[in-house]
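User: I would like to learn how to read the features of a model like this one. Please take me through them one at a time.

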Amino acid sequence: MNVVVIGSGPAGLSAAYFAALAGCRVTVLEQLSAPGMKLLASGGGKCNVSNTLQIEEFARKFGKQWRFLLPSLQKFHGQTLLDFFALHQVELIADDGFHYFPRSGKSRDVLNVFLHELPRCGGKILCGKQVVEIRVRSGMVADVKCSDGSTYPADRVIIACGGKSYPALGGTENGYILAEKLGHQISSLYPAMCGIHVAEKWVHECAGISLADCQVRIDLPKWRKLPQRGELLFTHHGFSAFAVLDIAETVARLKKEMPQIPLRINFTPDTGHEEWAARFALWRKTQGTKKVQTLLAGYLPRKVAAYLLNDPDVIVAHWQGRDREILLEKLLNCPFSAIGTDSWERAMVTAGGVSLKDIEPDSMASRLVKGIYFAGEVLDVTGPCGGYNITWALASGRCAGEAASQA
Ligand SMILES: Cc1cc2nc3c(=O)[nH]c(=O)nc-3n(C[C@H](O)[C@H](O)[C@H](O)COP(=O)(O)OP(=O)(O)OC[C@H]3O[C@@H](n4cnc5c(N)ncnc54)[C@H](O)[C@@H]3O)c2cc1C
């Protein structure tokens with residue numbers, strides 16, 4: 001049986017390997033000049049493959065469609081995933097007790113497992129091949145056509161084209177276009193896992209400053225994914241880093257309905273209202289002649305401290321109770337207005353994609369066209385930061401590859 005896999009990301013390579021292992025003639029077609037470019041760049045070149053959560057908790061992090069992921073994850077998650085890579089001499093370790101990375105710290109090692117093993121099972125990867133058409137005859141997939149005019153016969157086609165984000169690493173709308181032509185619905189696409197832009201100009205002036213631990217939430221009732229906590233980086237447009245990456249998708253979605261999305265940031269989540277009030281009282285007793293800004297700079301970068309104060313030159317002895325309350329509010333619950341997100345060029349993940357209602361979760365097969373399968377980010381499945389998306393790509397790839405070989 002000829003299986004053509006479109007895309008050589010973790011989803012496509014996993015699908016190809018497991019289909020080849022089951023005896024299919026597998027050809028992976030990749031538009032770029034080299035395979036797995038996004039995988040190589042992932043996790044800052046270290047590749048955060050997965051994390052330690054158990055299957056159900058892991059799946060729930062993907063939101064309301066979480067049950068769709070279970071059949072795939074049952075095939076390739078947790079110990080099964082660790083054992084697979086260990087078998088191929090790549091040990092995955094969770095040094096921080098949560099995120100799994102290859103012990104070598106090199107994403108190349110993860111990619112190489114597939115690049116070495118696929119040919120051993122008879123599979124091949126052809127680069128510089130952009131698929132532009134999937135042809136169907138008598139309701140059954142027949143072949144695929146590339147932009148250079150070449151065609152490849154296919155009994156099964158696995159669409160693993162990834163998302164639209166990060167075009168430099170292969171991000172494209174190709175997968176959605178191919179799927180749509182075959183009758184699949186595509187839910188709206190949003191940039192996810194990226195920085196957010198805010199209206200407050202002073203934030204832009206602090207670009208480059210990073211705070212190790214902040215808490216960010218969208219200030220709207222019942223916001224599910226929030227608050228987020230972690231490093232916060234000031235940028236020329238707003239904020240980036242872990243404290244906002246998982247908020248970006250929501251900001252992008254809400255932006256369609258409202259021009260500004262209210263945010264609140266706690267700059268010192270480990271130091272609460274009472275501790276700050278006690279600190280201020282001590283300053284008043286012992287440091288009356290000092291500038292408040294100078295003392296605050298012991299806890300926050302001086303530039304940020306200056307912007308948080310109504311009067312950056314005020315000395316402690318002249319500091320009014322009302323101004324102390326205003327500073328407390330800004331330290332622990334500072335309001336900002338999000339006005340957008342980074343563009344597709346910088347978004348690490350695409351939210352939205354091929355609608356799951358047309359996909360069979362046990363096999364990743366299309367319900368509309370016989371012989372078509374999907375895997376990875378091209379689908380309307382988005383996980384947060386932390387190894388969720390690569391695990392999903394590998395697991396759905398395995399599910400699709402195995403099912404395609406059996407059907
Ligand atoms: C900078 C960065 C860091 C990241 N870090 C992490 C991380 O540490 N952990 C994590 O879980 N996730 C991470 N992600 C997200 C993760 O990399 C993706 O979710 C994952 O790669 C998706 O896998 P995929 O195989 O579905 O798609 P991709 O990896 O995007 O692969 C799709 C492939 O298909 C090819 N293609 C597209 N259209 C065609 C066509 N028509 N013909 C032929 N080929 C085509 C593309 O060129 C591409 O190579 C990161 C993303 C980025 C951008």
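User: Which hand does the crossing of α11 and α14 have?

Analyst: The crossing of α11 and α14 is right-handed. Keep in mind that this is a predicted model.

User: At what angle do α11 and α14 pack, and how far apart are their axes?

Analyst: Helix α11 covers residues 273–286 and helix α14 covers residues 321–333. They pack at an angle of about 140°, and their axes are 11 Å apart. Angles over 145 degrees would count as roughly antiparallel. The angle here therefore makes α11 oblique to α14.

User: Now the sheets. How do strands of a sheet pair?

Analyst: Strands of a sheet pair through backbone hydrogen bonds, either parallel or antiparallel. In this model, three strands form an open sheet, in the order β3-β5-β4. The pairing is antiparallel.

User: Which are the edge strands of that sheet?

Analyst: They are β3 (50–51) and β4 (92–93). Each pairs on one side only. Take β4 and β5 (residues 99–102): they pair in the antiparallel sense over two bridges.

User: Which strands make up the closed barrel?

Analyst: Six strands form it, running β12-β15-β14-β13-β16-β17. The pairing is antiparallel. From one strand to the next, the twist averages 50°.

User: Over how many bridges do β12 and β15 pair?

Analyst: Two bridges, in the antiparallel sense. Strand β12 spans residues 196–198, and strand β15 spans residues 238–240. Here H197 stands opposite G238 in β15.

User: On to the ligand. How many residues surround it, and which are the closest?

Analyst: There are 41 residues around the ligand. The closest are G7, G9, G162, G170 and G376.

User: Which elements each supply at least two residues of that shell?

Analyst: They are α1 (10–21), β2 (25–30), α2 (37–45), α7 (174–181) and α15 (388–406). The largest share comes from α2, with six residues.

User: How do the shell residues divide by type?

Analyst: The shell around the ligand has 20 nonpolar residues, 17 polar and four charged.

User: Last, the domains. How is the protein divided?

Analyst: Domain 1 takes in 2–190 + 349–406. Domain 2 is 192–266, and domain 3 is 273–334. Over C-alpha atoms, the centres of domain 1 and domain 3 are separated by 52 Å.

Note on methods: Residues are numbered from 1 along each chain as its sequence is written. This is a predicted model: local features need pLDDT of at least 70, side-chain atom pairs count only at pLDDT 80 or more; totals for chains, interfaces and linings use all residues. Domain bounds come from an automatic or database domain assignment. A residue is near a molecule or strand if its C-beta atom, placed from the backbone, lies within 6 Å of it. Helices (H or I, at least four residues) and strands (E, at least two) are DSSP runs, numbered from the N terminus. Ala, Val, Leu, Ile, Met, Phe, Trp, Tyr, Cys and Pro count as nonpolar, Asp, Glu, Lys and Arg as charged, and the others, Gly among them, as polar. Two strands pair if DSSP finds at least two bridges between them. Axes are lines fitted to C-alpha atoms, for helices over the stretch in contact, and angles run from 0 to 180 degrees between N-to-C directions. Angles under 35 degrees count as roughly parallel, over 145 as roughly antiparallel, 65 to 115 as roughly perpendicular and the rest as oblique. A crossing is left-handed if the near helix is turned anticlockwise from the far one by less than a right angle, and right-handed if clockwise.
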